[in-house]
Amino acid sequence: MNTLKVGDKAPQFTLLDQHENSVSLNQFTGKKVLVYFYPKALTPGCTTQACGLRDSKSELDKLNVVVLGISPDLPKKLAQFEEKKALNFTLLSDPEHQVAEAFGVWGEKKFMGKTYDGIHRISFLINEAGVIEAVFDKFKTSEHHQMVVDFVKGLK
């Protein structure tokens, strides 16, 4: 796994969202974009993380930050996640994990003694020019949204 770093140019991508619309990173030129990768919709950790971002949306909007959540889930599952948890941001489907691989977040994981390939929970804050400004890779899911807000505000 070769995760992108601060200063790297963010790879361009286009994926389907929870409503099966194409969404491209270049649609958000001029805004900061939080691209956050999560393993699986409607699981406890991913729900905690998503709900934190949902509850911080108005603050993130004021800071000119767009949130894009990316997982291998298909659009139908993402739509269920959005509906059940009243999510207010875009969820993107990366079933072939091409975008996850481009960002360097797809790789070997271990869980309960088993080894498998999957998405690592890592987020990238991309600046208005398309360059990675911050990488968040060590956090509790319940604190992720606050780390992002604090960073954008210049507190961390």
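1. Cysteine C51 counts as buried, at 15% relative accessibility; buried means under 20% relative accessible area, exposed means over 50%, and partly exposed lies in between (1.4 Å probe, protein chains only). This is a predicted model, in which local features need pLDDT of at least 70 and side-chain atom pairs count only at pLDDT 80 or more, whereas totals for chains, interfaces and linings use all residues. Residues are numbered from 1 along each chain as its sequence is written, and side-chain values use heavy atoms, with hydrogens and water left out.

2. The structure holds zero disulfides, a disulfide being a pair of cysteine sulfur atoms within 2.5 Å. C46 is in no disulfide, and its nearest cysteine sulfur, that of C51, is 11 Å away. For C51, likewise in no disulfide, the nearest cysteine sulfur is that of C46, at 11 Å. C46 is buried, with a relative accessible area of 1%.

3. The next point concerns helix α1. Helices (H or I, at least four residues) and strands (E, at least two) are DSSP runs, numbered from the N terminus. The expected span of a helix is 1.5 Å times one less than its number of residues. For the twelve residues of α1 (residues 44-55) this gives 16 Å, and the end C-alpha atoms are 16 Å apart, which agrees. The buried residues in α1 are C46, T47, Q49, A50, C51, G52 and L53. Their cover includes β3, α2 (57-62), β4 (65-71), α3 (75-85), β8 (123-126) and α5.

4. Within helix α1 lies T47, a buried residue with a relative accessible area of 13%. Residues up to four places away in sequence being left out, T47 touches L42, F81 and K85; contact means heavy atoms within 4.5 Å.

5. E82 has its place in helix α3 and counts as buried, at 18% relative accessibility. Leaving aside neighbours within four places in sequence, E82 is in contact with Q18, H19, L87 and L91. Between E82 and A50, which are 32 residues apart in sequence, the C-alpha to C-alpha distance is 9.3 Å.

6. A nonpolar core is a set of buried Ala, Val, Leu, Ile, Met, Phe, Trp, Tyr and Cys residues joined through side-chain atoms within 4.5 Å. The largest such core has 23 residues, of which F13, F37, L68 and F103 touch the most other members. Two or more residues come to this core from each of β3, β4, α4 and β8. Apart from it lies another core, of 22 residues, and among them are C46, A50, L87 and V149.

7. Aromatic pairs are considered next. A search of the whole structure finds eight aromatic pairs. Rings of Phe, Tyr and Trp (its six-membered ring) pair if their centres lie within 6.5 Å; planes under 30 degrees apart count as stacked, over 60 as edge-to-face and the rest as tilted. The rings of F37 and F103 have centres 5.3 Å apart and planes at 55 degrees, so this pair is tilted. F37 lies in strand β3 (residues 32-37) and F103 in helix α4 (residues 98-103), so the pair ties together parts that are 66 residues apart in sequence. Both F37 and F103 are buried.

8. In the pair of F136 and F151, the ring centres are 5.9 Å apart and the planes stand at 85 degrees, so the pair is edge-to-face. This pair links distant parts of the chain, 15 residues apart, with F136 in strand β9 (residues 132-136) and F151 in helix α5 (residues 144-152). F136 is buried, with a relative accessible area of 6%, whereas F151 is partly exposed, at 24%.

9. Ring pairs link F13, F37, F103 and F124 into a cluster. Residues up to four places away in sequence not being counted, F103 touches N2, T3, L4, A10, P11, F13, F37, F124 and I126.

10. Strands β6 (residues 106-111) and β7 (residues 114-119) run antiparallel and are joined by six bridges; two strands pair if DSSP finds at least two bridges between them. F111 stands opposite K114 in β7. The hairpin of β6 and β7 has two residues between the strands, and M112 takes a positive phi near 50 degrees.

11. H120 is found in the loop between β7 and β8. Not counting residues up to four places away in sequence, H120 touches M1, F37, V105, W106, G107, E108 and K109. The C-alpha atoms of H120 and N2 are separated by 12 Å, with the two residues 118 residues apart along the chain.
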